[in-house]
Amino acid sequence: MGAPESNAGDDFHFWWAATRALELVKPGADSTVVTVEGLSRVDDPDDGYEAVDVGVYTGGDDFDSAFAVVLSQLKHSTRHPGTAWTASRLCERRTRRGHDGSVVSARSVIGDLAGVYAQLLLAGHSREELLRMVRISLVSNQPGDPSLRAGIGAAAAWARSRPAGAGKAALLKALAVPHAEVVRKLADAVGSQLRSGEFCDFLTVLDLSQTGTLGRAALARGVVAGTAELAPGRGPDSARRLFDLVRREALPESSRAGIRAS
């Protein structure tokens with residue numbers, strides 16, 4: 001990715017996070033903290049959740065006190081905003097390289113998202129807790145392919161009431177052929193990151209509703225309008241300060257304490 005595309009992606013990331021932060025100060029807001037580049041420091045002392053770009057905690061500032069947590073990975077495309085997220089694309093493995101050019105890992109988007117769920121399980125959070133309060137979201141200006149979203153939706157509906165002990169094999173057998181093809185691709189890409197039943201549960205917390213979301217310019221306009229409503233006469237200035245606050249929170253030297261209303 002070249003510098004212009006990378007900068008555009010950063011802007012999309014920061015303006016999206018700014019829209020989440022703006023929700024903190026709206027009258028009657030339930031959201032408590034917005035984290036950027038990882039989870040709340042109390043949950044992620046070692047920055048181990050690198051697939052999480054933005055986290056929104058509602059009701060508390062960590063998993064013990066919150067009653068809802070949305071963990072989002074953001075993807076932006078300047079050159080191909082209309083290219084859909086298909087099952088194949090979600091499963092495509094891309095090579096990551098370190099600063100020295102060495103290959104760090106080959107990862108897929110679905111693998112990253114499943115890895116977040118796996119890390120939460122490893123951290124000791126119960127299945128019941130995760131299914132009740134967590135959503136793992138892909139946020140992108142590119143749309144989700146209808147067949148992908150339909151396949152995940154059908155699988156999640158089955159998984160929410162799956163018989164005790166039933167896993168991937170039973171899921172694939174229960175689905176219509178087009179949906180089963182989608183889910184089989186996802187399962188193959190996730191591989192051993194999740195056990196059979198865990199994969200089924202993961203599909204119930206996977207959220208693609210934010211694919212095809214507004215582009216960075218529209219997000220910026222929304223933040224300007226929102227801050228103008230909350231602070232009349234200071235919209236553009238307040239919006240830029242909020243953007244800068246988010247950007248600073250993403251810097252390596254940030255304490256990663258999260259953005260709060262107070």
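**Close-up 1. Phe67 sits in the loop between strand 2 (54-58) and strand 3 (68-75).** Keep in mind that this is a predicted model. Is Phe67 buried or exposed? Its relative accessibility comes out at 54%, so Phe67 counts as exposed, given that the cut-off for exposed is over 50%. Leaving aside residues up to four places away in sequence, Phe67 touches Thr58, Gly59 and Met133. Look for Arg132 in this view too: Phe67 and Arg132 are 65 residues apart in sequence, with 8.3 Å from C-alpha to C-alpha.

**Close-up 2. Strand 1 (residues 31-36) pairs with strand 2 and with strand 8.** Start with strand 2, which runs antiparallel to strand 1 and is joined to it by five bridges. Here you can find Thr35 standing opposite Gly55 of strand 2. Now turn to strand 8: the pairing with strand 1 is antiparallel as well, over two bridges. Val34 has Ile259 as its bridge partner in strand 8.

**Close-up 3. The second largest pocket holds about 310 Å³ of space.** Which elements give two or more residues to its lining? They are helix 1 (3-22), helix 9 (216-230), helix 10 (235-249) and strand 8 (259-260). Helix 10 supplies the largest share of the lining, with four residues. There are 14 lining residues in this pocket, and Ala21, Leu22, Val25, Leu242 and Leu245 are the ones nearest its centre. Sorted by type, the lining has 10 nonpolar residues, two polar and two charged.

Definitions and conventions
Residues numbered from 1 in each chain as written. Predicted model: local features only at pLDDT ≥ 70, side-chain atom pairs only at ≥ 80, totals over all residues. Heavy atoms only, no water. Buried < 20%, exposed > 50% of the residue type's maximum accessible area, 1.4 Å probe, protein only. Contact = heavy atoms within 4.5 Å. 1 Å grid on protein atoms, 1.4 Å probe; cavity = no way out; pocket = protein on both sides within 12 Å on 5 of 7 lines; lining within 4 Å. Points joined across faces, edges and corners; volume = space filled by probe spheres on them. Nonpolar A, V, L, I, M, F, W, Y, C, P; charged D, E, K, R; others polar. Pairing = 2+ DSSP bridges.
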